[in-house]
Amino acid sequence: MSAETKSNESASHASSGQNNHEGELPAYTYALEAAEAKTIGKNTAREATVVELPISVGLAGVSMRLEPGGMRELHWHATAAEWGFVVEGNCRTTLVDPQGRSETNDFGPGDVWYFPKGHPHSIQGLGPGICHFILIFDNGYFSEFGTFSITDWLGHTPKSILAKNLGCTEGDLENIPDHEVYFAQGPVPPAVQAPPIRGGLLDCPQTHKFRMLAQEPHLSTPAGREYLVDSSFFPIQTTITAVVLELEPGALRELHWHPTADEWQYVLSGNVQDTLFGSHGRYRIENLKKGDVGYIPMGYGHSIENLSDTEPARVLIGFNTGKYATVNLSNWLAGNPEYVLSDNFGWNSEVIKKLPRSEVFLAGKGGPIR
Ligand code: MN
Ligand code: MN
């Protein structure tokens with residue numbers, strides 16, 4: 001069992017013999033991949049919002065799978081920016097910005113996109129096979145099933161208005177769907193990207209694509225590694241920071257908190273255990289498996305431990321900030337004089353001698369990497 005504390009103020013819970021003071025901290029995990037999907041053809045979408053996971057007010061997420069030629073139709077979101085991470089397969093996005101400039105990009109595993117709030121876009125599977133990606137939104141109230149889809153809009157607009165707007169006859173527009181299509185299905189798109197119908201290219205000044213896992217990890221130790229993307233690497237990504245955390249067997253992402261952001265987790269592989277501390281003795285431990293989501297409110301203390309002795313674990317994590325920060329326990333303690341730690345904990349100098357003098361960040365199965 002990993003780190004565990006008992007509340008001094010809440011004897012009824014502390015005496016229950018449980019690690020989880022469940023009356024005091026709500027559930028913060030959700031089995032996203034076990035949830036029922038919105039399914040059209042072989043295209044599927046599952047979401048975790050405040051409806052599924054009420055604590056997750058700051059961030060929402062979606063797991064989507066597109067078959068070759070399957071397209072998440074032209075749409076925008078009024079209330080959230082979209083960050084995407086490709087888990088497997090290949091897809092193509094097209095985005096148009098408010099200046100009418102557009103960008104088309106192809107994505108493979110480990111690549112990410114960022115679409116600013118309100119900018120219209122589409123996503124289409126390129127094959128071979130299903131394309132699976134995770135979307136993270138910087139608003140927990142955002143629902144992928146409440147987006148502004150082009151068929152939903154134009155299907156409800158009088159044909160006379162559309163005809164006047166587009167220079168067509170009402171007869172030309174007879175076949176517009178009268179309901180939201182959401183997933184459209186086409187053949188596999190051409191291998192070479194096609195220009196927009198206006199002709200030419202008016203490239204957006206900032207790209208919407210970043211090859212996250214093609215970079216070197218920003219941190220690498222025998223206990224694991226972390227890939228990070230924020231606006232310093234990917235300038236358009238101003239409201240999200242994201243990491244892929246890889247934990248070797250038994251490794252621990254040390255106790256820490258984030259002063260400027262909530263945290264949304266998706267387990268890409270393996271089995272991990274989260275701890276969460278919410279002050280006033282509120283403490284809860286949860287196990288997550290592949291496909292599960294976790295949510296850590298801003299400022300709450302937490303850790304992530306790989307429960308396996310043999311298998312690595314990988315966790316995709318998004319933060320709703322462009323200015324990511326973390327306060328790690330090892331740094332906090334190492335920044336204090338010995339007498340302060342002694343007064344606070346009653347530790348003698350022998351114990352204090354053992355404490356890390358530099359940031360642990362990832363501890364190995366047997367403790368900090370010295
Ligand atoms: Mn979208
Ligand atoms: Mn964290």
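How many residues of domain 1 are in contact with how many residues of domain 2? In this predicted model, 46 residues of domain 1 are in contact with 41 residues of domain 2, and the legends below take this interface and several local sites in turn.

View 1. The size of an interface is often expressed as the accessible area that is lost when the parts come together. Between domain 1 and domain 2 about 3,700 Å² is buried, with 68% of it on carbon and sulfur atoms. On the side of domain 1 that touches domain 2, the elements that give two or more residues include strand S1 (29-30), strand S4 (60-66), strand S6 (82-88) and strand S11 (131-137).

**View 2. The site of the manganese ion (ligand 1).** This manganese ion (ligand 1) is coordinated by His75, His77 and His121, each through NE2, and by Glu82 through OE, at 2.0 to 2.2 Å. Along the chain these donors of ligand 1 follow the spacing H-x1-H-x4-E-x38-H. Histidine 77, in the loop between strand S5 (70-76) and S6, and histidine 121, in strand S10 (residues 121-125), are 44 residues apart, so that the pair links distant parts of the chain. Both histidine 77 and histidine 121 are buried.

**View 3. The site of the manganese ion (ligand 2).** The protein donors of the manganese ion (ligand 2) are His256, His258 and His302, each with its NE2 atom, together with Glu263 through OE, and they lie 2.1 to 2.2 Å from the ion. The donor residues of ligand 2 are spaced H-x1-H-x4-E-x38-H in sequence. Histidine 256 counts as buried because its relative accessible area is 3%, under the limit of 20%, and glutamate 263 is likewise buried, with a relative accessibility of 2%.

**View 4. Arginine 282 and arginine 284.** Arginine 282 lies in the loop between strand S20 (271-277) and strand S21 (283-289), while arginine 284 is found in strand S21. Leaving aside residues up to four places away in sequence, arginine 282 touches Glu24, Leu25, Leu276, Phe277 and Tyr300. Arginine 284 is buried, at 10% relative accessibility; its side chain reaches the backbone oxygen of leucine 25 at 2.9 Å, and the side chain of arginine 284 also makes a polar contact with the side chain of glutamate 286, at 2.8 Å.

View 5. Most residues other than glycine have a negative phi, and most peptide bonds are trans. A cis peptide bond, with omega of about -5°, joins glycine 127 and proline 128, and proline 128 has its place in the loop between S10 and S11. Tyrosine 182, although not a glycine, has a positive phi of about 65°; this tyrosine 182 is found in the loop between helix H3 (159-166) and strand S13 (183-185), and it is buried, with a relative accessible area of 1%. Serine 279, in the loop between S20 and S21, also has a positive phi, near 70°, and serine 279 is partly exposed, with a relative accessible area of 31%.

Note on methods: Residues are numbered from 1 along each chain as its sequence is written. Chains are lettered from A and ligands numbered from 1 in the order in which they are written. This is a predicted model: local features need pLDDT of at least 70, side-chain atom pairs count only at pLDDT 80 or more; totals for chains, interfaces and linings use all residues. Side-chain values use heavy atoms; hydrogens and water are left out. Donors are N, O and S atoms within 2.8 Å of the metal (3.2 Å for Na, K and Ca); water is not among the atoms, so sites may look incomplete. Buried means under 20% relative accessible area, exposed over 50%, partly exposed in between (1.4 Å probe, protein chains only). Contact means heavy atoms within 4.5 Å. Buried area is the accessible area (1.4 Å probe) that two parts lose on being put together, summed over both. Helices (H or I, at least four residues) and strands (E, at least two) are DSSP runs, numbered from the N terminus. A polar contact is a pair of N or O atoms within 3.5 Å; within protein, one must be able to donate a hydrogen and the other to accept it, and residues adjacent in sequence count only if both atoms are side-chain atoms.
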